[in-house]
Amino acid sequence: MRPRKILSVEFLAPVLLALATISVVGYHQRDLPFKAHQERSFNSPRLVSIKPLLVSIKPLIEEGEICTDPDSSESPNLASLGAGPTITSILAQRAMQEQRPARLDRGPARMIIDTSPTFSNVVVDVARNEVIAAGENTFQVLVYDRRANTPTNATMTEPKRVLGGNKTKIDYVCGLHVDPSTGDIYILNDDTETTLSVYSRDDQGNIPADRELKTPIYTFGLAVDEEHQELYMTVQRDGAVSVFRKQASGDEAPIRLLQGPRTRLADPHGIAIDSTNDLMFVTNFGYSARHSTEGVDLAKILPKPNWPIDNRLVIPGSGKFEAPSVTVHERTASGDTPPLRVIQGPKTRLNMPAGIAADPKRREIYVANDMDHSILVFSSEAGGDVAPLRLLKGSKTGLKHPSGLFLDTKNNELWVANFGNHSLTVYPLSAQGDTAPLRTIRSAPLGSPTTMVGNPGAVAYDTKRSELLVPN
Amino acid sequence: MAHPRIAAFARLADDKSIPIRVIEGQSALLARTAHAIEYDEVHDEIFIPQMIAQAVLVFSGSAMGEVSPIRIIQGDKTRLRQSDRLAIDTVNNELYVPDGDKVLVFPRDANGNVAPTRILQGPETQLGASAIAIDPVHNLLIVSGSGRSGGSRTGHLLIFNRTDQGNAKPRAVVRGPHTMLDEGGARNIRVYPANGWILVAYDGVQGENATGRSFVGVWSIYDNGDVPPRWTIGGPQGVLVKPRGVAFNVQNKEVIVSDKELNAVVTYSFPELFEQDSARVERNPLRAAVNPTPTLTEKISKIWEQLASFHF
C-alpha cells in the first residue's frame, strides 16, 4: 500500500511548534499543578514523560495517515521494484545493516491516563496540622494543611509539599506513617520497590530518603508502635506480618515474623496496633496458599532471619479462597500462632477490607471497606460473624472505594482516603449512617473521572464489545 | 494494588475516562496486579490468573459488577504453583499456564480441581517461563522468559510446537544482544496468527528502575537466533516506560499496550502489522521499515526540551 504524503516537514514544523507550545502551557496549567510533579516529569524517566504530550499530532494518526520525509513519497515496496532509493528505504537499509529494528516513531492514537493523584492512604500529623496522603497512581506522597477544605467550584487543593520521583523510590505507595514527635514520614510501597523510605517532615521533591529499609515484596499495610518502637508491615502474597525495629535501616532483619496456616492471615492488607491493650488487627481479603519447609534449611534459602517464606516454597495446588476477615492477634505474636479471634461472616459486611485503625481508648476498630464504599466500626473485642457497631455509608458521605483511614483522636476526626474519587474526606469520629464529611480535600475537580488504573500488568481486547479489558 | 478489578474501557476511551463496566468485589475473587488477561471471542469468556490463591478465574464476557467467576481452576491436582500468566487456544480448546520451569496445559473449559492434560518441562526446554502465547494457525507455542546465556542472564523467546510436552527442545530460540531483550525478558506476548507476528511487551527494567530501553517489539514466528525485532513501537526512549501488557485490535489495526509506570493504557495505530501478508519474509528492510521519520521526531523532542526548560 502506498503511503500518501500529506504534509511536508516544512509545513509541519511550525504547526507542531505552535501546538507544542499550547500543549506545554496547557499541560502545565491543567495536569502539572505541583512543582514536584514537574520535577518528576522532566528530570525523571518515570511517570509522564515529555513524549506523551505529543498527542497534539494525534489527528494525523487517527486519520490513518503517516508523515513521511519529503523525499520518501514513494512507498518502500515501489522502491524495491526499481523506483529508486528513498530516505525511508535508506534509513531502513541502514537499520538492517546495523542489526537494529525499524523503529516506528509515531505518537499514541489514544492514552487512558489519570494524572491526578488517586489516594490510597492518609495519615495526620496532629502536632503540625498536616495531612499526608499517598497518591498511588502518580507515585507521590502529598502533604496538605489539615484544615484545608476544597471549595466545590475549585479544581483542587494545592498541596504544601510533594514527594515523588525516581530518587524517592516511591512506587504504588499504600502504607504511610507519620512520627508524632518528629513529623518524619514513613512510606511503604505495595509494588514493586521493596523499600520503606523515611523522610524528614520538610522534605519535598525528587530526593533520596533520609533512611531506607529493605522490605519483603508485596507489602501493603504499615503500622508503627511508638510505645515499643516497632514497625509492622503486612505481606500480601506470602500471608505474613513482618516486624522490624522502628529505626531499622538498610538490610536489617525483621525482629519477628507472623506467618503460617494457623495465623489465618490470607492476603493481609491493613494493619493496626493497639499498644495499650497489646493487640494487633489485620484485614484480610481471604486468599492464601500454604508453604512447606519440610527438609528445607531456611537459613540457606531466605536472605535473613525472620524473613517471610516466599513462593519458592509454596505447595502447588494448595491455594484457597476464604471469606474476608479481620484477624485479631497478640501484639507480639510470632511464628505460626493462631489469632485470638477472627471477625468474619456475612453479618460483618466485610468486602475487600483494606485500611484499619484502632482506638484503644474507646476499644474500637475502624475498617475501610473498599467495595462497600463504607467505613465499618467494630468493638476491638468482637469476634465471629458480628455486625459492626456503626456503619458510615451513603451518598452524602462522599465515600468511594475507601482504601485507607486514620483516627485523629486529638481532634476527634476520622480521615478517609477514597481511591475512587480523588478525595480525602473527614468526619467526626462518631459519625455513622449517611453523614456528610466535615471537610474534603480533592486532587481533581469535583466529579472528575477516575480511571482507577493501577499497575496494569496486562490488557486484552474484547472484540465483541470493542472494549479494552484492563486488570489492576 | 489498592483495588483489584477488571475495567472495560471503550475502544476510543482517551485521557481521563471511566470504564464502561467493571468486574470487582469480594465475589469476583480477583487478586492484586494480574499479569495476564485473555478474552475468548468464540465463547465470550474472560480468563484471568489469580496468583495468591493459585487459581485461574473465568468470567462471562458480559460480566459486570460484583459477580463470581463462572469457572475456577484450583486444587491440588492442578499443580498450579504461581498462576501469574496464561493463554487460551480457542481452536484446540486448551488453556496454557506458564509456571516457572514448566507450562501446564488444561482443557479450555476445565473447572475445579483438574489435572493438566500435558506438561512441558525439563532441561531441554530452557524454560523459565514468563509469558505465553499460542499460534493455532501455525501450531506453535511461544514462551518468553529469561535464562543464562554466555555467563549472563538474558531474555528470550522460545518457540515450541504447540503440542510439545515433556522435555522437548524449542524449535527456535530468539536470544542475544541484538534482540535487545535483557535479563527481565518480555513481560507479555501475543501472536497475530494470521500472518505470524509475535508482539512483545518489554519493559527493560533493571531491578525496578526504568531504563528507557522499553518498547513493544515485533518478531516473526520464523525468527531464530540473535535477531532484532522487525519493528519497535513506543520505544526505546519513547512514550512507553514499563510496558507490561499488549493486545491487538485487528479490525481497527491497532496495538494496545498497558504501561505500569505510566499507569496508562496506550493505543497505537499499527496498520503494518496487519497488512503484511505473512511474517515469512526475509528480513527485507524495504518491507520492514515503513515509517522511521527519526529526524522529525528528534526535532520535536528538542523543541519540547527547550520549552520545558523555559517554563520550568
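This is a predicted model: local features need pLDDT of at least 70, side-chain atom pairs count only at pLDDT 80 or more; totals for chains, interfaces and linings use all residues.
## Elements of chain B

Of the 312 residues in chain B, 67% are buried. The chain exposes about 10,100 Å², and 46% of this area comes from carbon and sulfur atoms. When contacts in chain B between residues at least 6 apart in sequence are considered, 51% of them join residues at least 24 apart.

## An antiparallel sheet across two chains

One open sheet consists of 4 strands, arranged in the order S2(A)-S21(B)-S20(B)-S19(B), and its pairing is antiparallel. Strand S2 (110-113) of chain A and strand S19 (243-249) of chain B each have a single partner strand, so one side of each is left without a neighbour in the sheet. From one strand to the next, the twist averages 15 degrees.

Within this sheet, S19(B) is joined by 6 bridges to strand S20 (residues 254-259) of chain B, and the two run antiparallel. Opposite B:Val246 stands B:Val257, a residue of S20(B).

## A mixed sheet across two chains

Another open sheet has 5 strands in the order S1(A)-S18(B)-S17(B)-S16(B)-S15(B), and here the pairing is mixed. Its edges are formed by strand S1 (102-104) of chain A and strand S15 (188-192) of chain B, each of which pairs on one side only. The twist in this sheet averages 25 degrees from one strand to the next.

Strand S17 (residues 215-220) and strand S18 (residues 231-233), both of chain B, pair in the antiparallel sense over 3 bridges. In one of these pairings, B:Gly217 has B:Thr232 of S18(B) as its bridge partner.

## The second largest pocket

Empty space can be located by rolling a probe the size of a water molecule over the atoms. The second largest pocket has a volume of about 930 Å³. Its lining comprises 43 residues, of which A:His177, A:Val224, A:Ala358, A:Phe406 and A:Leu407 lie nearest the centre of the pocket.

Several strands of chain A give two or more residues to this lining: S3 (119-125), S7 (173-178), S11 (219-225), S15 (268-274), S21 (353-359) and S25 (402-408). Of these elements, S11(A) gives the most to the lining, with 6 residues.

Technical notes: Residues are numbered from 1 along each chain as its sequence is written. Chains are lettered from A and ligands numbered from 1 in the order in which they are written. Side-chain values use heavy atoms; hydrogens and water are left out. Two strands pair if DSSP finds at least two bridges between them. Axes are lines fitted to C-alpha atoms, for helices over the stretch in contact, and angles run from 0 to 180 degrees between N-to-C directions. Buried means under 20% relative accessible area, exposed over 50%, partly exposed in between (1.4 Å probe, protein chains only). Contact means heavy atoms within 4.5 Å. Accessible areas come from the Shrake-Rupley method with a 1.4 Å probe; for residues, only the protein chains shown count as cover. On a 1 Å grid over the protein atoms alone, a cavity is a set of points where a 1.4 Å probe fits but cannot get out, and a pocket is an open set with protein on both sides within 12 Å along at least five of seven lines; lining residues have an atom within 4 Å of a point. Grid points are joined across faces, edges and corners, and a volume is the space filled by probe spheres set on the points.
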